[in-house]
Amino acid sequence: MAEENPAKESCIRIAEELPVTAVDYIDQESWENFFTSKGADDFCEWYADWPQIRTSLKNLLSFQLAEELDHFSFPRLQPLPEEVSILVPACGASRLSEHLYDEGFTEITNLDFSKVVIKAMMKRNIRARPEMKWRVMDITDIEFPSGIFDAIVDKGGLDILMDSEHGPRSGPLSYISEVKRLLKAGGRYICLTLAEPLVLDLLFSKFRFGWKVNLYTISDEASPGTTTQQTFMLVAEKSYLTVVSRIELFMDVSFVETQCIQVDELLEALKRENTVREEYSKSTDQWYSLKELKQGVKGNIGVIESGRVIYLFLGETGISRFFYTCVLLDAPPETGPFSKQLLVLFLQKSQASQKILASEFRQRLVLQSFKAARLLIIVLDSSYFRLYPDETREDTDYFVAELCQVGDDDTDAKYTAGDNMIEGIKQSKTVHQVSSVLTGQISVEDVIYIKSQDITFRRLYFERTESLMHSEAPLSTEAFRQKKGKPKKIDSHASSGVKVEHKILTTGFHKGVIAGLLLFSTHSKRTTKAGGLVKTVIIGLGPGILPMFMRNRLPSLKIEVVELDPVVLDVASNYFGFTEDERLKVHITDAIKFVREKANSEADGSKVDLLIIDGDSSDSSSGLISPEADFVEESFLLTVKDSLSDKGLFIFKLIPKHYFTCMRAPVYSKLERVFSNLYHMYVDDDFVEIIFGVKKEGPVELDEVCKALERSLLGNYKMHPWINNVLHDSKLIKPLVLP
């Protein structure tokens, strides 16, 4: 039998021959040694042999939809196999790419970080399959342009990254971000997996918004030596950013009859995820495609209609590399005369763009300021961070041309990038940029605002986060002061000698945090008079502005900051003057792990009095600008509550993306199941919502506590502007009443 099917004979036994520990699975040297010992001809099929997946993969990669694939909705021209661009990450010594090539799919790029295996596989295939490409590359940081692949076929790569020690908070997250970035509009991520709970949690949550997902069982007729666990194939199709749809499960008979923990866990996870998806989809705002607009669903799009506002997505499979979320505004005639018929405004860099999309009033102000009869706002979130402006313009030209056809005339569109205008920036200069494996590109920028009286502010940007600017602080240095009526130009090299002001807060969230912690500390009678220090944990260091202010202004706090990325700590120290001492320490570790250890600790005094999340979402498809979706999962919220002392306080900011305001309801629901005492306030023109969860049972009499806080502050501090801010903001805090 072995002679008839040599492929079966060559399959390896995972338990006997793969690197033994989970740490080895993500260690490059371990894989180099492994592949050196095996040789190029001793290929590896961990699970799902070619005959088991051949038909499904051919259909999916040919975009020929079988009946069970009707869930995928993109009508696209069926390309020839050789025209389908395919990426195979973590290819290893699998023959998957060879089989695909032999079926006619010749445009295949294989990646692996093992030089040994790439060299061996290239040597093995260079004559028989000359068009196939092989690259040595880290799949968590892929050096290819965005939106260039029709399909990504992952056979066990994600499973290997999801080792138990590191979990889903570093490599796997970066890898999934790369998958999303690299796929074209309508492209498919095909993931062959054992569907362990950690893997399912990651896949379900990260492909929730803007993806259509199917899950298939693979026939269990595996070759001897491969895993005996059931293999699954998850297929995620890149859809419109506003789509939330159920995950469809397609099972064969053997799977239905299987009674095992693996199957039970999958079915339970799928049921739980679809419940979440149904909740999100109920109140999603109405968005339209260009095709629907041309059919007249919002009137005659070829005519400027006074005051019309349309939320639409642009993009089409086979025409554009990406889908884009947009707002189309037609100006009332009385606001003319107009200097341009159609203006296309690209917004990418600022949180201000999200504010504009969330408010029709702000949209009207922008329309009026640009003097355009029709304004198309195209929002480029963190998914597009590696694109050049010319690329996005080229990708949207076809659709913009359709909107230019007003009346009998074709009008040329005018393009502009509007971030600095929206934010009111007069002058800006990049001071420092660094790329981190965990965080991506980090930028430090000095800006002067039009209304800031030529005061320079230093800002920190994370290119992969939704709001991008984490926070900012004014600089106090002679290098940037006004001279002879003109602001001195910013020197990008002037980082030494520049002092960041740590006794002033500029963001509404940071000011609200201080107001809330003082208000609820007054309620619980946790003041300096009570003795001891208030144990404070801040998740997310950023530039360190908040913890530095708290250390300087609130001597009763003992602060621990949890930051996953050591590069962020270096930037905060070198460019924002962040320093540690006996009252302020930084832990470079995973936040969920840190909070869990606090929750599980029985040691005296190990609980936290104050826990603050000061970070934004790194996932453009999570539906949230802030916080990370993981931080509002019920399991984490329960851990937070267990980590708090009896009078503990939990604070974070909640900002849904502009097209998912419905995100608030499920987050509220989870909070209510964990905290019975919830409060909130809105800052930054109601764009940012700050949530306060009080562990102590029983309502807080806010009016009485506000008066007590005022007496306390006026009695213990000199009258500083920050005191006035606290007293003002504390009156904005209200009970969170669920709808």
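Author: In helix α21 (residues 591–600), the residues Ile 592, Val 595, Arg 596, Lys 598 and Ala 599 meet Phe 636, Thr 639, Val 640, Asp 642 and Ser 643 of helix α22. Sorted by class, this contact of α21 with α22 holds five nonpolar, two polar and three charged residues. Contact here means heavy atoms within 4.5 Å. Ala, Val, Leu, Ile, Met, Phe, Trp, Tyr, Cys and Pro are counted as nonpolar, Asp, Glu, Lys and Arg as charged, and the others, Gly among them, as polar.

The model is predicted, and local features need pLDDT of at least 70, side-chain atom pairs count only at pLDDT 80 or more, while totals for chains, interfaces and linings use all residues. Residues are numbered from 1 along each chain as its sequence is written, and side-chain values use heavy atoms, with hydrogens and water left out. Helices (H or I, at least four residues) and strands (E, at least two) are DSSP runs, numbered from the N terminus.

Two packed helices are described by the angle between their axes and the distance between the axes. For α21 and α22 the angle is about 45° and the axes are 7 Å apart; axes are lines fitted to C-alpha atoms, for helices over the stretch in contact, and angles run from 0 to 180 degrees between N-to-C directions. The two helices α21 and α22 are therefore oblique to each other. Angles under 35 degrees count as roughly parallel, over 145 as roughly antiparallel, 65 to 115 as roughly perpendicular and the rest as oblique. The crossing of α21 and α22 is left-handed; a crossing is so named if the near helix is turned anticlockwise from the far one by less than a right angle, and right-handed if clockwise.

Helix α22 (residues 634–643) also packs against helix α23 (residues 664–674), at an angle of about 35° and with the axes 9 Å apart. Here the crossing is right-handed. From α22, Glu 634, Leu 637, Leu 638 and Lys 641 meet Lys 670, Leu 671, Arg 673 and Val 674 of α23. This contact of α22 with α23 has four nonpolar, no polar and four charged residues. The loop between β27 (624–626) and α22 contains Pro 627, and the peptide bond joining Ser 626 and Pro 627 is cis, with omega about -5°.

The axes of α10 (residues 197–206) and α12 (residues 261–281) come within 11 Å and cross at roughly 20°. That makes α10 roughly parallel to α12. Their crossing is right-handed. Pro 197, Leu 200, Asp 201 and Phe 204 of α10 meet a set of residues in α12 that includes Leu 266, Ala 269 and Leu 270. By class, the residues of this contact of α10 with α12 comprise six nonpolar, no polar and five charged. In the loop between β5 and α10 lies Ala 195, whose phi is near 55°, a positive value in a residue other than glycine.

Eight strands form an open sheet in the order β3-β2-β1-β4-β5-β7-β6-β8, with mixed pairing. At the edges stand β3 (133–136) and β8 (248–250), each with a single partner strand, so one side of each is left without a neighbour in the sheet. From one strand to the next, the twist averages 20°. Strands β1 (residues 86–88) and β2 (residues 108–112) pair in the parallel sense over three bridges; two strands pair if DSSP finds at least two bridges between them. Opposite Leu 87 stands Thr 109 in β2. Helix α5 (residues 50–62) packs on the sheet, touching β1, β4 (149–155), β5 (183–193) and β7 (232–238), and its direction makes about 170° with that of β5.
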